[in-house]
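User: I am new to this structure and would like to know what lies behind the terms used for it. Could you take me through them with care?

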Amino acid sequence: MTRPYNRKKIFMATARALTAQPAPPAAAKRRDLSGLFGYVLIAPPVAIMLLLIFYPAIEAVIETIFVSDAQTGQTTLSLQNYIAFFQDPILRANLTFTVLVTLATVFMLFVVGYPLAMYLRFSKSRLAGTVQVLTLFPLFVPGVILAFALIRFLGTHGMFDTLLGIVGISGYRTPYLQPQGIVIALVWEHIPFTVLVLTAGLRQVEDAVIESARDVGASGWQIFTRILLPLTTRSALIVFCLNVIGVFGAFTLPYLLGPAQPMMMGVSMQQAFNNYQDRIGALTQAVLTFLICAAVGVLYVRTITRPRER
Amino acid sequence: MATLTSATPTREMALNPTLLWKRMRRELLSVVLVVVLFIVIIGPMLTVIFWAFAEQWRYPSLVPTKWGLSYWQETLTRADVTAALPLSIGLATIVTFLSAVICLPASYAFARMNFPGRQGFLLSFLATNAFPRFGLYVSIAVVFFRLNLIGTLPGVILIQIVNTLLLMIWIPTAAFQNIDRSLEEAALDVGASRVRVFLQITLPLVLPALSAAILLTFVSTFYEAQGALIIGVPNIQTMPVLMYSIINSQVIVQYGAVISLVLWLPSLLLLTFAQRFVRGNTISAGFGV
């Protein structure tokens, strides 16, 4: 309870002792009120979180597992909506497609992001600052603008095609409206976050640790696998979880850059809700994405709540 | 200074050929990295800028074959653009204001008050990251459908506020926590009232972080497209939602390019302020790093 120094309290106590005044009774009460007041202050955002995030999610589950019979009007617990989903070949293809795009994107993000983070952590080049600005640049390009830019850049006869032509490569086939288009765009969008978090993780590994390993004769590869990878597990887990969830729940880029068929789940849900007015169908798909991301979500929550080792 | 630092390595390199090779290899990596990143990161945006100022751009040319501004007036006087731009700015302003009113007092409580469950509530905001975004929007949309909020301004405002909570709570909370308390206590010692200490000591100290949070919230809300699309259809069309139809309908390329460039302005302004947030690891703090 006692703080190392609380000059005000000491000062007041001394003043009271000197003037022989009784301690104000409000002092003790204020502490309790401050706790109560804290709840009052956090109530509005907590209420919004409960009403607009947790309630709709729970409501979605309840609405899709209780099916009311059209004739009798009776409501029964049933997995009918989910069975219907898995019996539909188009929806099943959409789900498989989403899983594959997510795996490909997250894999590519590590392949591109980890070396970039290593470069930013260890490079002493004067160009490192420029590399950092370039890797963070996508943070400042919103999704819809990115989609438009990539269509014009990567499209047939776009700037990339032209550049390849200049160096003598012909026969370019555009990834626009292809699955690769989605992967490229999502990697582009998530690179800053990936590199930022991985670099932050690598910065926590002190130079002394690496130097001492090098002193006892560890090779670069050994330093990478035995020191850097284990010490950046926390960052890598956060990157993995949030990228999986982010890509799985993506809408704008798959919608604007991807093929008409198969669709990613985000696009599939939006079509069901806005175009076909199929609210239960859209909810069923939403709950399925929640369930698939739940395992990853639990891993994420456990990672952030676990105190960091140090 | 520049001549001094560059002179030293040159002399070293002349003396030591292996060191020269090492240095060249290291710089070569950096140069290759910068060139590749420039093409893949800046290239797409450069294409948009070129298109916005192009009268004509035929294929094998790397730059527009005819430059000009004639599409600007044509695009910016389109009825859908003149309606969407004020709506987007107004909406982002309202959402940012409401979010600040709702979240900033709470962030003060999270940072400075002691009550059971404080850490748990704070972390629960971070845990909202664990929901796949679009699935969540669809669930919210179904609830809003029942409440007749689809296609209304309040509906769009509410779904956009959801998006701002994390940022508007975590950045200010970190700022309030980082204040050196002895400054406040010193002011209390010399007899300043609590309100005065808050206004004259605490507030100025957290103001940079609060402005950062407000600025980031405004910009991210301005660009929020998915929630506005699913809730706003068909009555509310913000600039980013307009972009969906511009891209899908494949009208004249320059329309999309000019709108993209105009739409990009707030983000470009933010980019100039960005160095500060990135340095302070403000952004990564929002993910629990």
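**Domains, chains and helices**

Analyst: In this predicted model, the domain assignment of chain B gives domain 1, covering 2-68, and domain 2, covering 73-285. Taken over C-alpha atoms, the centres of domain 1 of chain B and domain 2 of chain B are 35 Å apart. Their contact takes five residues from domain 1 of chain B and six residues from domain 2 of chain B, and on the side of domain 1 the largest share, four residues, comes from helix 2 (residues 17-52) of chain B.

User: What makes residues of chain A and chain B count as being in contact, and how many are there?

Analyst: Two residues are in contact if their C-beta atoms, placed from the backbone, lie within 7 Å, and 83 residues of chain A are in contact with 84 residues of chain B. Helix 2 (residues 26-65) of chain A gives the most to the side of chain A that touches chain B, with 18 residues, and that side divides into 57 nonpolar, 21 polar and five charged residues.

User: Why is helix 13 of chain A called roughly antiparallel to helix 14 of chain A?

Analyst: The axes of helix 13 (residues 265-275) of chain A and helix 14 (residues 279-305) of chain A come within 7 Å and cross at roughly 160 degrees. Because angles over 145 degrees count as roughly antiparallel, helix 13 of chain A is roughly antiparallel to helix 14 of chain A. The crossing of helix 13 of chain A with helix 14 of chain A is left-handed, and the residues of their contact, including Met265(A) and Arg279(A), divide into six nonpolar, four polar and one charged.

Technical notes: Residues are numbered from 1 along each chain as its sequence is written. Chains are lettered from A and ligands numbered from 1 in the order in which they are written. This is a predicted model: local features need pLDDT of at least 70, side-chain atom pairs count only at pLDDT 80 or more; totals for chains, interfaces and linings use all residues. Domain bounds come from an automatic or database domain assignment. Helices (H or I, at least four residues) and strands (E, at least two) are DSSP runs, numbered from the N terminus. Ala, Val, Leu, Ile, Met, Phe, Trp, Tyr, Cys and Pro count as nonpolar, Asp, Glu, Lys and Arg as charged, and the others, Gly among them, as polar. Axes are lines fitted to C-alpha atoms, for helices over the stretch in contact, and angles run from 0 to 180 degrees between N-to-C directions. Angles under 35 degrees count as roughly parallel, over 145 as roughly antiparallel, 65 to 115 as roughly perpendicular and the rest as oblique. A crossing is left-handed if the near helix is turned anticlockwise from the far one by less than a right angle, and right-handed if clockwise.
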